[in-house]
Amino acid sequence: MSHTAHIPSHRKPRRSASKTALRAGVAGGVLSTIAVAGAAGPAQAEPVTQTIEMPTITAGLSTSVAASAQATQAVALDLETQAAEDAAAATAAKTAKKTKAEAVRKAEAKKKAEAAAEAKAEEAAARASRSAERTTLSASTGSSDSSSSSSSSSSSSSSATGSAASVVAFAQSQVGDAYVSGGTGPNSWDCSGLVQAAFRTVGVDLPRVSQSQSTAGTQVSLDNLQPGDILYWGGAGSAYHVGIYVGGGQFVGAQNSSTGVVQKSLDYDPPSGAVRVL
C-alpha cells in the first residue's frame, strides 16, 4: 500500500448537532418527570423491605382458657379439702361428746354405788353401836319391877291425843319422802329436820340438830314411851340420829338415802333413849 493511501479511521463519526440536542432534550424531560414524582410522594417514605407476622387471636385465647381451667380446678380442690376437714372435725366433735357423756354416766353410776355402799356401811355401824348401847341400857334398867313394865307397855300402845297426835300425824304423812342430808322439807328430810318440822306444827321450836334435840325435853325410859316422844340413837347430847315414837311399838324417822322416811318397829332399829317434850 502506498503511504499516501487513505487509512480508514477507527473513530466514531461525530454526531450532528441536531441529534445531540434532541437526545439532551429527551433526557432532561425524563429527569424532570422523575423529580416531579419524587416531590409529590412522602418526604420520608421508605420502601417495604420485610413482612411483619401479626400474632393470632386463637393463641392468646387458648392460654386464657387454660389458666381459667387451672384456677377453677384449684378452687374445687380447696373446697373439697375444706369439706373433708369440716366432716372430720364434726365426726371428732360427735365422738368426743359421746365419750364425755359416757364418762359422765359412768362417773355418776360409780358415785351412786359408792354412796349406797357408804350408806349401808354407816347404817351397819350405827346398828352395831346402837345394839351395844341397847345392851348396856337394858342391863341398867333390868331391876325395874313387873308392874312398871306392865304399865309402860299399856302406855306405849295408847293412842296419841292433843298436840302429840298432831306431831305423830305430821311425821306419818312424810313416810316415803326422800332422805337428804341437811333436808328440811317439804319433800326431802334428814332425821333432825323431820323432827323439828313435826314439832313446829304445834308451836314447839326445837333445836336443829340431833345432838341438841336429844336433850330438849325430859329423859324417859324406853319402857315408858308415849306417842310424840323423841327417840335418839347414841348418847344424850351426842346423839347421831333421832326419830318420833308414834305408838304401837313403832317409830317414824328419816333413816338414810337408801330407805328415806320410814315407819318401822322399834325392833328394826332399837333406840338408845328418849325425851318427852309435850
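Contact here means heavy atoms within 4.5 Å. Axes are lines fitted to C-alpha atoms, for helices over the stretch in contact, and angles run from 0 to 180 degrees between N-to-C directions. Helices (H or I, at least four residues) and strands (E, at least two) are DSSP runs, numbered from the N terminus. This is a predicted model: local features need pLDDT of at least 70, side-chain atom pairs count only at pLDDT 80 or more, and totals for chains, interfaces and linings use all residues. Residues are numbered from 1 along each chain as its sequence is written, and side-chain values use heavy atoms, leaving out hydrogens and water.

Start with the sheet. It is open, has six strands in the order S3-S8-S4-S5-S6-S7, and pairs antiparallel. Two strands pair if DSSP finds at least two bridges between them. Strands S3 (218-220) and S7 (260-265) form the edges, each pairing on one side only. From one strand to the next, the twist averages 35°. Three bridges join S3 to S8 (residues 273-276). Gln 219 stands opposite Val 275 in S8.

H5 lies across S4 (230-233), S5, S6 and S7, at about 45° to S5. Nine of the ten residues of H5 (191-200) are buried, so the rest of the structure largely encloses this helix. Buried means under 20% relative accessible area, exposed over 50%, partly exposed in between (1.4 Å probe, protein chains only). Ser 192 is one of the buried residues in H5.

Ser 192 is also touched by Ser 210, which is found in helix H6 (residues 210-213). Ser 210 counts as buried, at 7% relative accessibility. Its side chain reaches the backbone oxygen of Ala 239 at 3.0 Å.

Terms used:
A polar contact is a pair of N or O atoms within 3.5 Å; within protein, one must be able to donate a hydrogen and the other to accept it, and residues adjacent in sequence count only if both atoms are side-chain atoms. Lists of a residue's contacts leave out its neighbours within four places in sequence.
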